[in-house]
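Hi everyone, thanks for coming along.

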Amino acid sequence: MMKNFWSESYLRYLLFPLSLAYGLISNLVRLSYLLGLRKVWHAPVPVVVIGNITVGGNGKTPLVIWLVLALQRYGFQIGVVLRGYKGKGVTYPFLVTRDTQAHQAGDEAVLIYQRTNAIVGVAPSRKKAVEAVLSHSAVDVIITDDGLQHYALARDIEIIVIDGERRFGNGWWLPVGPMRELKSRLNNVTAIISNGGQPLPGELKMNLMPGLAVNLKSGKQKSIKELDNIVAIAGIGNPERFFNTLYKHGVKPLKTVSFSDHQIYDSLSLNALTSFGQTLLMTEKDAVKVRSFSEAHWWYLPVDAVLSSVATKQLLATIFKVILSVS
């Protein structure tokens, strides 16, 4: 179904009743919180939600990492909470540590912890995840990766990341299209970040820039152009974005293999993708799931969110204002 999300398809007419039902239920749920029919929990510290209104990889997690690091540079203590999608923790809530595996907390939670060393709480209930973070340490701000539609948690700032190239596809609710909420939702958020493409008026521009490739076994770093005979894989929301990044930087893989988002890997199946002398190159999100059984010819390519100076000043000024108003 995913391939039909971003284009017109006759299938949408067959699924039209389901799409309307999804939209109705989604709107009723949000309305129930806005009218006070359902209880909203307010954290004792500012909460920043970074989410999207479409399915698929829009670049939320790189922006979360960027914002955590930016605020840390100003001396703020940051907590991050996630649902822990596809993770199977023994108990909830729990905090991510250096020994936490991706199958326990979900790949995004482990990735954010490894890149930022922030306090990362995981639970299906964002409230419980926040409470776990606050019980561990005093923090100045809570950032939630995804959770825009988790209205049980009050938020002070909402930042929506959109795919600047695919935008909103055919514009329909799930399952006909990619929309969790319609574009009108953008009228009620703090900031709209356009990841790639040309931002429209009112949107802030963000790009994902690759760093040096990292060897999973040794930690050695080198330019991706120095890697030979590459087989590229990606198990993220939008695998083509990763492959296009390679093409844009002059790298032409022998082949590319797409997996579903949050794909669970094993050594046997990954080794079967390469022959002698070939290099397996993956995303950093994939790498956190395979590090424990990695091979010497496996590499990953980290990417960083890069925002314009205007976007940086605007976002940080808004968040600083909220922090100061609460403290």
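Before we look at any residue, one term: when I say that two residues touch or are in contact, I mean that they have heavy atoms within 4.5 Å. Now the ground rules. This is a predicted model, where local features need pLDDT of at least 70, side-chain atom pairs count only at pLDDT 80 or more, and totals for chains, interfaces and linings use all residues. Residues are numbered from 1 along each chain as its sequence is written, and side-chain values use heavy atoms, with hydrogens and water left out.

Let's begin at D145, in strand β5, which covers residues 141-145. Helices (H or I, at least four residues) and strands (E, at least two) are DSSP runs, numbered from the N terminus. Is D145 buried or exposed? D145 has a relative accessible area of 5%, so it is buried. On that scale, buried is under 20% relative accessible area, exposed is over 50%, and partly exposed is in between, using a 1.4 Å probe and protein chains only.

Who are the partners of D145? Setting aside residues up to four places away in sequence, D145 touches I50, K60, T61, V64, V81, L82, E108, I112 and R126. Take E108: 37 residues separate it from D145 in sequence, yet their C-alpha atoms are 8.4 Å apart. With T61, the side chain of D145 makes a polar contact of 2.8 Å. A polar contact here is a pair of N or O atoms within 3.5 Å; within protein, one must be able to donate a hydrogen and the other to accept it, and residues adjacent in sequence count only if both atoms are side-chain atoms.

T61 takes us to an annotation. An unreviewed UniProt entry lists T54, V55, G56, G57, N58, G59, K60 and T61 under "binding site". Those positions are given in the numbering used here, feature names are shortened, and annotations may be inferred rather than shown by experiment.

Look at two of these residues. T54 lies in the loop between β1 (47-51) and α4 (60-73), and N58 is found in the loop between β1 and α4 too. T54 counts as buried because its relative accessibility is 2%, and N58 counts as buried at 1%. Their side chains are joined by a polar contact of 2.9 Å. Beyond its neighbours within four places in sequence, N58 is in contact with N52, V161, I162, D163, R166 and N195.

Now step back to the whole chain. The domain assignment gives domain 1 (10-26 + 38-207 + 307-324) and domain 2 (212-301); such bounds come from an automatic or database domain assignment. The contact takes 16 residues from domain 1 and twelve residues from domain 2. The centres of the two domains, taken over C-alpha atoms, are 26 Å apart.

How many salt bridges does the rule find across this interface? It finds five, where a salt bridge is a side-chain nitrogen of Lys or Arg within 4 Å of a carboxyl oxygen of Asp or Glu. Helix α6 (residues 107-116) gives the most to the side of domain 1 that touches domain 2, with six residues. As for D107, it forms a salt bridge with K289, with the closest N and O atoms 3.4 Å apart.

Last, some backbone details. A cis peptide bond joins Y92 and P93, with omega about -5°, and the bond from L174 to P175 is cis as well, with omega near 0°.
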